[in-house]
Amino acid sequence: MTAAPAPGAALPSEQRRLTHAVAAASDAALGRIVAVFDRMPDRRVADRLLDAARPRLRRLRPPRPIGLGRLLFLPLDGVIVDPGAWKRADGSIPRSALAPLTEAMRAAIGDEATAIEAAFAGATFADLGVVGTAGGRLWRAAAAATPGMPARWAETGLSAADFSHCTALAAGVWRHAASLWAALAAAREGPPESLVREAIGAAAGEAPMVAEAMLATLLLKASQPGSVAAAAAATRSLPAGVADRVLDRWIDHCRPDLPDNDPEGAAHQAEEFAKALDDLEAAPAARRPERRQRILALRRQADEACRAAFAATAATMLAEPLAQRGGAIDDAGMGAMEGAARSLKRLEQAGRRLGGGTAYDGAVRRLADGFAGLRAAPGSNLADLARLTEILAGPEAALRLLDCG
Amino acid sequence: MTEIRTDLLERFGTQAYQPATFLDRGVTVPFTTPFLLGARIRPTDTRAGLEVVITNPSGGRGFYIVPWPALTEVCSPTLHDRRLWQRLSDQTGITPALVRETAHAVAAEGLAGRDAAGAASQARGEEAAGRMRANFMLLLDLIRRSETPEEAATAPQADSPANVERRARRAVGRIAPRIGVTPEIIAAWLESLAGAFCGVGVPGDPVQSRTRRMARDLVALVEQVDLWVAQSPDPHEQHAATMVTEAARLTMRCAEVAFRDLDSLLSDTPTLLRAWREDSTGIGRRATRPDWLLDGWQVIVELWRDAAPEMRHGALWEMAFLAPVMPREVEEWLGVEEDWDRPTRLRRLVRAKEDWRSGRMLDLVARNERLRARIA
């Protein structure tokens, strides 16, 4: 069955307008909107407004304050889905169930929940030590608790059987959340195979949907998804084919979406995409031709996103400001431009890994030619132009610019 | 800017870098290319050109001694480094002062960034101010030593500028016949002495000189590294710290002796003027000793300052491999005796490590430019 919208929601037309406004907000504005939503006592309506912006939020990863509900369901992040798309058989949890489930768990855990909230007060999910300590305590307590169905459950439109499904799945994951967290904390390093095996292997005695949910959560953060899926498949916790299915879902939901006004963020994202795609292509899962084609399509999308971000950033953060100000840039402005140029270089290097080599040769040459064209502009600083050329096109090109000046 | 041709580089590897003299040790050049951080230049054996001494970036025992033309094949130096080398390669005698002045001129062009350019201009201004203060301090001493008790009723440093000028002229006029030269020559010698000693600082100067600031920074570095490593259970980190602090302590000991010797020379201006008349070249060389002794430590101090606590382990290794080798010439200079082979033995105990400079090259260049701005 699918979940019905919660009562108390805005009128459909108003909600559509707000959802559109949130989706169209700039990265910075979206960060501020999320901060406001995070402070709301009941964020069910807010969560629906954020749905359209979730792919972008995954990229932006604004520092979110730790809340009991978000910490509780962190190990299940990979299986939390839009209520409209939820099916019990999928082994997932609808987002609309999180608030009543949190309420039920809070009641079941009792004073321990209050003590844990005090322990993480003021911290964000960037404080990994706090997340690990407070999370470990919370997941242990939650796994041992027996929650009753809360009165608000009816508001979700979900049945009692759905409640049993959600609590059974969550309890199964919470029982092994400590080892899952150990792997999540090392996600940037793969995570290493031994941690994946330990985490997924720990759920061997559980229903298969538990290990599947843990793998889905792990893939959300993993920098080497192909290796993670292979390591998970090698454990006895997952029936044959499940790891591949989770990986396919990850590929389906992967959106190579790079910001065009944040060169450092774009470079970081592009590097992560390149690393993940290299890993996917080398993984056993890529041997299947159909999956290989999808990975190649993903690589093409990432390559195009990278080129688009490079072109937009180069224009808005380097070429246009230099042309508008005739090269006369103050120290802070020049520092920012050099920072943007370094990020652009990283973006280019990641883009070349993704496959767009020749496109960057031309783009960099055009940029360097543009800098050279500004040598005679009133107020232009030859050293600044040479430095930007050096960062993007190398010292030999910069020397040529200086010698022609 | 991203790759090092290790196959070409290996041709220039050597274990035999145990310089007997300071000139053999070479002078540190503030390069910004990651591979060249802390590298030194020195004349070739035939004195026909210059070569670059580079610490093996993988650690271990080795050094690379590479002529510049080959270096551009091994790595791709930054624009700043190419321009700096261009200027230095025209020079015949390499000294720390020459490298510093040339580096200031290149940095002032802005090729290592605006911060480095600003810092180079400021350093040049400070050098000029230091020269004026040294001249003034020497003159004050000359006034004190040449006046009668009645004339000295008001201490010269407390007198009005016009009176100090008059009294200085009188003092120079009195000392000149005693030394057997004209007052104009005394004035010129005082200016030359101020130029030679401004980096050392004349006793009584309320502003600390460049080399004394460096010596003070070295003392602070040793204290901080000792404190840091006292909390580390890692024997490798302790070994790196020992390589840094032992070399630093030896340098500090030598610098103290050198400063004592020079302070004694500078404490009596008439005697200093006579010594200058007898052997200005020798006095000028003595004045450069703190510069030679402390050369190479600035980049090490700044590496430590720049490293965030979580990066200090790596920084300590980088510092350890860059720690300058003290040449035996220091025995002749200052009479300091030491187990000269100990630093080499300490280095032998280090296994080759992963290249610490293999991070993102552009980020490392930016870091080195940041160091460059502080080193000026």
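Some ground rules. The model is predicted: local features need pLDDT of at least 70, side-chain atom pairs count only at pLDDT 80 or more, and totals for chains, interfaces and linings use all residues. Residues are numbered from 1 along each chain as its sequence is written, while chains are lettered from A and ligands numbered from 1 in the order in which they are written.

Confidence, then. pLDDT is the predictor's confidence in each residue, from 0 to 100. Chain A averages 87, and 93% of its residues score at least 70. Residues 1–8 of chain A stay under 50. For that stretch the model has 18 contacts beyond four places in sequence. A contact here means C-beta atoms, placed from the backbone, within 7 Å.

Now chain B. An automatic or database domain assignment sets the bounds: domain 1 is 7–108 and domain 2 is 208–359. Their C-alpha centres lie 19 Å apart.

Next, the sheet in chain B. Strands (E, at least two residues) and helices (H or I, at least four) are DSSP runs, numbered from the N terminus. Strands pair if DSSP finds at least two bridges between them. The sheet is open, with five strands in the order β1-β5-β4-β3-β2 and antiparallel pairing. Which strands sit at the edges? β1 and β2 (27–28) of chain B, each pairing on one side only.

Look at β5(B), residues 63–67. Two bridges tie it to β1(B), residues 13–14. Five bridges tie β5(B) to β4(B), residues 50–55. Phe63(B) stands opposite Thr14(B), and Phe63(B) is also the bridge partner of Thr55(B). At the β2(B) end, two bridges reach β3(B), residues 40–43, with Val27(B) partnered by Ile41(B).

On to the chain contact.

Last, a helix pair in chain A. How do α16(A), residues 289–324, and α18(A), residues 357–373, pack? At about 5°, with axes 11 Å apart. Axes are lines fitted to C-alpha atoms over the stretch in contact, and angles run from 0 to 180 degrees between N-to-C directions. Under 35 degrees counts as roughly parallel, over 145 as roughly antiparallel, 65 to 115 as roughly perpendicular and the rest as oblique. So α16(A) is roughly parallel to α18(A). Contact residues include Phe310(A) and Leu318(A) of α16(A), and Leu367(A) and Gly370(A) of α18(A).

Key
Contact = placed C-beta atoms within 7 Å.
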